[in-house]
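Here are my comments for a first read. Please keep the model open beside you as you go.

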Amino acid sequence: MTASLSKGINSFKEVIDAPIASFFSSCVHCGLCAEACLFYTTTGDPKYTPIHKLEPLRRVWQQEYTLLGKLGKMLGLSKPVTDAELAEWEPLVYDSCTMCARCAMVCPVGNDMTYMIRKMREGMAASGHAPAGLVGASTRSVEIGSPMGVRLPAVKAQMKHVQADTGIEIPLDVMGAEYMVLMSSMEIINFPEYLGAVAKIMKQAGKSWTLCSEAFEATNSGIQIGASDIARVLVQRIVDGAEKLKVKTVISPECGHAFTALRWEGPNLIGRPYTFEVLHILEVLDGFRSAGLLKTTGFEEARLTFHDPCQLVRRGGVLEQPRNLLKLVAKNYVESADHGKMNWCCGGGGGVSAIEEAEPLRLQAFKIKKTQLEETGAKTLVTACANCRIVLEEGLEHYHMNIPVVGLTEMIAAHLTQEKEAR
Amino acid sequence: MTHLDLLTFARGSALNWALMVFVAGVVLRLFEIFSLGRKPDFAKPRSNSPGSGWRTMFTRSLPAQGMMKHHAVSYISGYVFHAGLFLAIFFLAAHIAFFRSMTGLSWPNLPTPLVDASVVAAMVALGVLLAHRLNSPVKRLLSGFGDYLAWAVTLLPLLTGYMAYHHLLFEYTLMLALHLFSVELLLVVLPFTKLFHTFSLFISRWYNGDIFGRKGVAS
Amino acid sequence: MKKTPHPEVIPGTVGEGLLQRGVTRREFLKFCTAMTAMLALPPAMAEVMAAAISKARRQSVIWLSFQECTGCTESITRSHSPTLENLIFDLISLDYHHTLQAASGEAAEQARMQAMKDNDGKYLLIVDGSIPLGNPGFSCIAGISNHDMLVETAKGAAAIVAVGTCAAFGGIPKADPNPTGAVAVSDIVKDKPIINVPGCPPIPVVMTGVLAYFLTFGSIPELDSLGRPKSFYGDTIHDRCYRRPFYDQGKFAQSFDDEAARNGWCLFKLGCKGPVTYNACATTKWNDGTSFPIQSGHGCIGCSEPNFWDAGSFYKALSMPVSMTPSMLGAAAAVGAAAGVAITWHNRSTKAAAKAAHEKVTVQELTREEK
C-alpha cells in the first residue's frame, strides 16, 4: 500500500465538516488574511494568502457537498483536484504555513484557516504530498520514539547529568506521582536546562513527580504532518504511560505543538476524555505562584521581552501565566507590538522547522520577528517553546543579532529562593 | 407590454418567484452546511474562558488589533458599503412598507435625503472596492467570475434605486421596474454565491469563537 | 363692459356661432389663452388659435360609446365651469352621441350615416368604452356590434380620440379575467391617427384642449409612446403633487386618519400610485380647479394608466408586493427544507462512504510509489 490521490481525496471528504463548510461559504475573498500571514507580509507573494492555500480542499467541498457543485460535477463542468495540483500546493500547505492562526484572528467572517489547514494536511499526507522532513520525523517518532531519534538511554544519560548538576534525584516511573513530566526532543538534545529547572521547582514546591520511561516524548509529528492515524499512536503512548502510573496531571513541556497535540487534540484522537489532567508547564508554575509555592529572589536587570508561542497562547489560552511569572523575576519587562494573542509566529511552527526546503523562506519570514524585536529594544528574549527557541536563535544568528533566547521555566528556576540559600 | 405592466410583473410574479427561490435557497444552503456535522470535542474546555461563539459573532465586526491602520481601504470602504446598504434596505420608508406588508412589523424611517446619501456612499465604496480588487495582487488572485458577479448584482439595486429616485435615464415606472428586477436578481443569486456570507458569517464566526473560546482565547 | 363685435364674421363658422350666443371676443380670447397654456404652446399662439377657430367651420364630431359607464360623458358635460368650456359645443357639431342626442332608433343611426357621408375624411371620431372581441353580441348598438361600428365609422374619420381609459387601453372591462375579450380602439384601428385621452374619467379640460388643438392646427398634438398628448400627460401626478416635499423628506401618513394624514403628509404608504401615473390632475385639478384626489386625502389610483385595475391593490404602496403571501414563503421554506433533507442524506452518505474507505495511514504509507 502506498499513498495515492484517491486516498487523499477520500481524506478530504472525511475531514470536511460543518465548520469548514461555513468557512468556505462565508469567504468573500477580501484578502485580509494575507495581511495577517507572516509569509505573505514578508514576501508580498499573493500565493501565500492563507485562504488560497486551501483551494484544493475548497473545490472538494464545493464539488462533493454543495448542490451546485454536485450538479457541476455531474455535468462535467468542474475541475477535479489532481496530483499535480496537490504537488503544487505542498509548499503552500506545509512550508509556508506554521499553523499560527493569526489569520483566524483577523478574518472578518470568522474563518479559521488553521483549523482547515490541519484537516487539509490529512489528505496531503494520505496522498503522499507531505514534505520529506516531516515524513522522516513521523517515521522516527513511530519507529524510534522521538522525531529526532532520541531513545530512552539518551534520556537516562541526561537524567544523570542533571542529578549531578543539581543534586536532585530525577524520578522515573514513579507510580501515583502527582505530576508526570514530558519533554520535547529539542529539550533533551539542545536545552537540558529544562529538566534541571523542573526538578528544582518541584523540589521547592514539594510536589511528587516522575518521568515515564515509555512516554517521555511530548512532541507529535503526526499532528504536524496531518495524519491523525499516526498522531493517535503517539498520543496513545502518553495516555498509556499516564494511566499506568496513575498520575493526576501530565505536564506538557515548553513546546507549543506538543501542547496542542496533547491538550486539545489527544482526547479526540483516542475518542474519549482523559482520566488525567494536562497542563502546560507555565500553567503549573503559575498555579504554584498563586498558591505561594514558588518563591523567588532577585530580578533580571536586562530589558527583556516575551515571544508568545502561537500554540501556547493564541491556540492554547496560556496568555496571562507567562506575564505573571515574568513579573516575579524581571524588572525591565516590555511587551512587543502585537503581543499576546496577536503575536507574530517565529516562522518555524506547524512542522516548518523540520522541512529543510522551507529554510530560506522561513528565514525571510523571520524579518517580521526581527522588526518586532528591534522595536522593543530588548536585550533578552524569553519564550516558552523549545521549537520557537531554536528557530528564534537561528533567525537571530542569521541576521547577526546578539540577543540571547531563554526559556521561561529556566529563568524562573534560576531565581528560586531555595537555590540561592543552598549556595 | 407597457412600463406599468412591467412594474406590476416585477411586483407580482417575478417578486414572488425570486423571494421563493431566495427562501428555499437559503434553507437549502443552511442544510448543506449543517448536514456535514461536527465531531464532539472530548478535550475539556477551559472554564471561565473570555471567548465564546456568541461573543465572536459580534466582536468580529470590529477590525482586529493593528489591522485597521495598515488596511484602511478594505476596512473603511467595507464599513461604508455595508452601513450604506443596511440603511438603504432597512430605513427607506418605501422599503419599510415592503417589510411591513411581509411581516406586519414596522419601524420609523430615516429622512429620504439621508438614505440617498448613504446609497451614494455605498456605491462609491463599491467602486473603491472593485478598484482595489483589480489592483491588489492578493484580491486579484482570489477573485473569479463569482466575485465580479456578486459585485455587479449588489451594485445594481443601489444604482437602479438611485436612478429611479432621481428620475435618471428612464422614466420612473420603468426604472422602478428595473430596480425591482435587479433586487430579484440579487435575491436569486445570493444563496448560491459568496453573498451567502450574509447568513453564513454568523455560523462561521460562531465556530471560530467556539474553537478559540474552548481553549480560553477570545477570538 | 362694452361688447366688441367680432371682426370678419364669416357666415357658417364658429365665429358666427359665438357671436350669436353673445360671447365676447375678450371672453373667447381668454378661453384661447387658457387653452394655449394648457397645451404648453407659446402665449402668442392664443391669437392664432382665436383666429383659426373663429374662421373654422364647426367640426363634425361622431361620438361612439361602447363598453363604458358614461362616466366620460358625465365628466365632459360637467365641465360648465368655467362657462367658456361649454363653448366647445359651439365649436363642434356633435352629430352623434347616444346620451346627448335627441334622436333615437333609426333616426339616430341615420344621423350618423349622414354625418359620415357629408364629412367623409374630415369628421372627428370620439370613442369611449372598450370593444369586446369575445362575442360580438356582448355589446351592440342597433344590431351592429361595437367592432363593426368602429371599423365602419373609423374609415372616413380624420382622426380618432379615444376618450377614457377603456377606449384608450381597454380599462376596467379588460381587467382580469376580461370576460368579454375587451380591447382598446388602437387594437382595432391601425390606419388612423389616434389620440388617447385616458382617465377614469379623463379631466374635462384635457378633452376640450385636445379638440381645440385639432380645430386650430387641423392636426393632432404631440403624443407620447402610449398615444397620449404630451402636454397633459408629460409628468407624473407625483412630480407635480403639492405633497411631494413630504415624500422627499420621508414624511408619510401611516393611516387615513392619523396625525400625519391630517397634516397633509405624503400618501405613498397608503398606496398612492402618483409616482407611476402620468396625468394632469395635480395641475388642472377637477371641478373648476377645486381639488383632486390626493388633495382630498386619498392616494392616486392610477386610473389613466394601462391595466391600472390589475396593478395591485389601490391601498398597497408601490414598494409592496402585489400578490406575495406569507404562505408562499412558507411553501418555499418547505421546499428548501425538503431539498435540504435530500442533500443532507446525500452528504452524509458521501461522508460515510469516505469514512468506510479510509485506509489507516501508517508511516510506511506516507510516500508515493512513483515519487
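1. A word on terms. Two residues are in contact if their C-beta atoms, placed from the backbone, lie within 7 Å. Keep in mind that this is a predicted model.

2. Start with one residue. Leave aside the neighbours of Ala413(A) within four places in sequence, and its contacts are Ala197(A), Lys200(A) and Ile201(A). Where does Ala413(A) sit? Its place is in helix α21 of chain A, which covers residues 408–413.

3. Is Ala413(A) buried or exposed? A residue is buried if 20 or more other C-beta atoms lie within 10 Å of its own. Ala413(A) has 24 such atoms within 10 Å, so the residue is buried.

4. Now take a distance across the chain. Arg263(A) is 150 residues from Ala413(A) along the chain. Their C-alpha atoms are separated by 24 Å.

5. Next, chain A as a whole. Chain A has 22 helices and 8 strands. Of its 423 residues, 61% are buried. Along the principal axes, the C-alpha atoms of chain A fill a box of roughly 80 × 50 × 35 Å.

6. Why does the radius of gyration of chain A agree with that of a compact globule? A compact globule with 423 residues would have a value near 22 Å, and chain A has 22 Å, so the two agree.

7. Look at how the contacts in chain A span the sequence. Take those between residues at least 6 apart in sequence. Of these, 83% join residues at least 24 apart.

8. Turn to chains A and B. Here 48 residues of chain A are in contact with 48 residues of chain B. On the side of chain A that touches chain B, the helices that each supply at least two residues are α2 (18–26), α3 (32–36), α6 (67–74), α8 (102–106) and α16 (256–270). α2(A) gives the most, with 7 residues. By class, this side of chain A has 25 nonpolar, 14 polar and 9 charged residues.

9. Last, chains B and C. How many residues does each chain bring to the contact? Chain B brings 35 residues and chain C brings 40 residues. On the side of chain B that touches chain C, α1 (3–11), α2 (13–34), α6 (93–103) and α10 (172–189) each supply at least two residues. α2(B) gives the most to this side, with 12 residues. By class, the side of chain B that touches chain C has 21 nonpolar, 11 polar and 3 charged residues.

Notes. Residues are numbered from 1 along each chain as its sequence is written. Chains are lettered from A and ligands numbered from 1 in the order in which they are written. This is a predicted model: local features need pLDDT of at least 70, side-chain atom pairs count only at pLDDT 80 or more; totals for chains, interfaces and linings use all residues. Helices (H or I, at least four residues) and strands (E, at least two) are DSSP runs, numbered from the N terminus. A residue is buried if 20 or more other C-beta atoms lie within 10 Å of its own, exposed if 12 or fewer, and partly exposed in between; C-beta atoms are placed from the backbone. Ala, Val, Leu, Ile, Met, Phe, Trp, Tyr, Cys and Pro count as nonpolar, Asp, Glu, Lys and Arg as charged, and the others, Gly among them, as polar. The radius of gyration is taken over C-alpha atoms; the globule rule is 2.2 Å times the number of residues to the power 0.38.
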